[in-house]
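Here is a quick tour for anyone meeting this structure for the first time. Have a look at it below before reading on.

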Amino acid sequence: MAERKRVGILISGRGSNMLSLIAAGRQPDYPAEIACVISNRPEAQGLLKAAAEGVPTRAIDHKGYGTREAFEVELDAALRTFDVDLVACAGFMRLMTAEFVERWRDRMLNIHPSLLPAFKGLDTHARALAAGVKVTGCTVHLVRPEMDSGPIIAQAAVPVRDEDTAESLAARVLEAEHLLYPHALSLFAAGAIMVSGERTVAPQAPVNQAKPLFWPPLD
Ligand code: GRF
């Protein structure tokens with residue numbers, strides 16, 4: 001196997017997607033390993049969970065920096081200290097400057113709990129319910145300066161049920177997220193996905209047949 005890509009995970013909160021990436025990174029045939037977990041919130045539960053998994057952690061409290069740029073200088077330095085190839089945002093609730101995003105262009109991924117480009121931003125599940133959509137889902141994409149934008153690597157579709165609340169829908173989508181993110185990172189880290197314009201293509205892998213594009217899985 002080619003050398004495994006070193007991944008730095010950025011979080012702000014509970015870190016359940018982070019845990020799914022850490023678990024994937026432990027598999028011997030997985031093309032990426034988790035080099036560090038960094039949070040802009042020192043109190044983030046995910047930091048404790050990562051440490052319990054034996055993953056190096058770093059808290060960089062954005063409130064300690066006068067500007068977004070000053071915070072990002074520190075963040076960038078930490079990622080480089082851990083010799084990171086790829087960055088995986090997993091519930092990282094901090095807007096980034098265009099300069100930072102460009103520095104990590106096509107090397108920084110994010111997961112969003114909707115089928116982008118629908119429902120960018122916060123409160124996605126409540127807005128999906130209000131819009132009456134029958135299918136929602138989650139998206140792993142490359143990060144671009146505009147929020148929740150960028151070439152889509154993979155998506156999972158999740159049905160909306162009549163009786164759903166924002167909470168029940170979030171829980172169903174989260175199950176799909178925990179499968180989708182390791183899957184998408186694996187495709188990207190292995191080089192199976194290439195960026196072409198503002199889309200991604202999978203020249204060799206039949207990505208559209210790859211699981212898990214539907215949650216619960218279709219028979
Ligand atoms: C996930 O729903 C993710 O899609 C969104 O923020 C949430 C983070 O949850 N960006 P967790 O911290 O991974 O549990």
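## Ground rules

This is a predicted model, so local features need pLDDT of at least 70 and side-chain atom pairs count only at pLDDT 80 or more, while totals for chains, interfaces and linings use all residues. Residues are numbered from 1 along each chain as its sequence is written, and side-chain values use heavy atoms, with hydrogens and water left out.

## Around the ligand

Which residues are around the ligand? They are Arg 14, Gly 15, Ser 16, Asn 17, Gly 91, Ile 111, His 112, Pro 113 and Glu 177, where being near takes a heavy atom within 4 Å. This shell divides into two nonpolar, five polar and two charged residues; Gly is counted as polar, and Asp, Glu, Lys and Arg as charged. Helix 1 (16–25) and strand 5 (108–112) each supply at least two residues of the shell. Helices (H or I, at least four residues) and strands (E, at least two) are DSSP runs, numbered from the N terminus.

Now for the atom pairs. A polar side-chain atom of Arg 14 lies 2.4 Å from a ligand oxygen, and a polar backbone atom of Gly 15 is 2.9 Å from an oxygen of the ligand. A ligand nitrogen is 3.1 Å from a polar backbone atom of Ile 111. On its own the ligand has 360 Å² of accessible area, and the protein covers 85% of that (Shrake-Rupley method, 1.4 Å probe).

## Salt bridges

How many salt bridges does a search of the whole structure find? There are 10, each a side-chain nitrogen of Lys or Arg within 4 Å of a carboxyl oxygen of Asp or Glu.

In one of them, Glu 53 pairs with Arg 26, with the closest N and O atoms 3.0 Å apart. Glu 53 is in the loop between helix 2 (45–52) and strand 3 (57–59), and Arg 26 is in the loop between helix 1 and strand 2 (32–39), so the pair ties together parts 27 residues apart in sequence.

## Backbone details

The peptide bond from Leu 116 to Pro 117 is cis, with omega near 10°. Pro 117 sits in the loop between strand 5 and helix 5 (124–131).

Asp 106 is not a glycine, yet has a positive phi of about 60°. You'll find Asp 106 in the loop between helix 4 (98–103) and strand 5.

Note on methods:
Polar contact = N/O pair within 3.5 Å; in protein donor to acceptor, adjacent residues only side chain to side chain.
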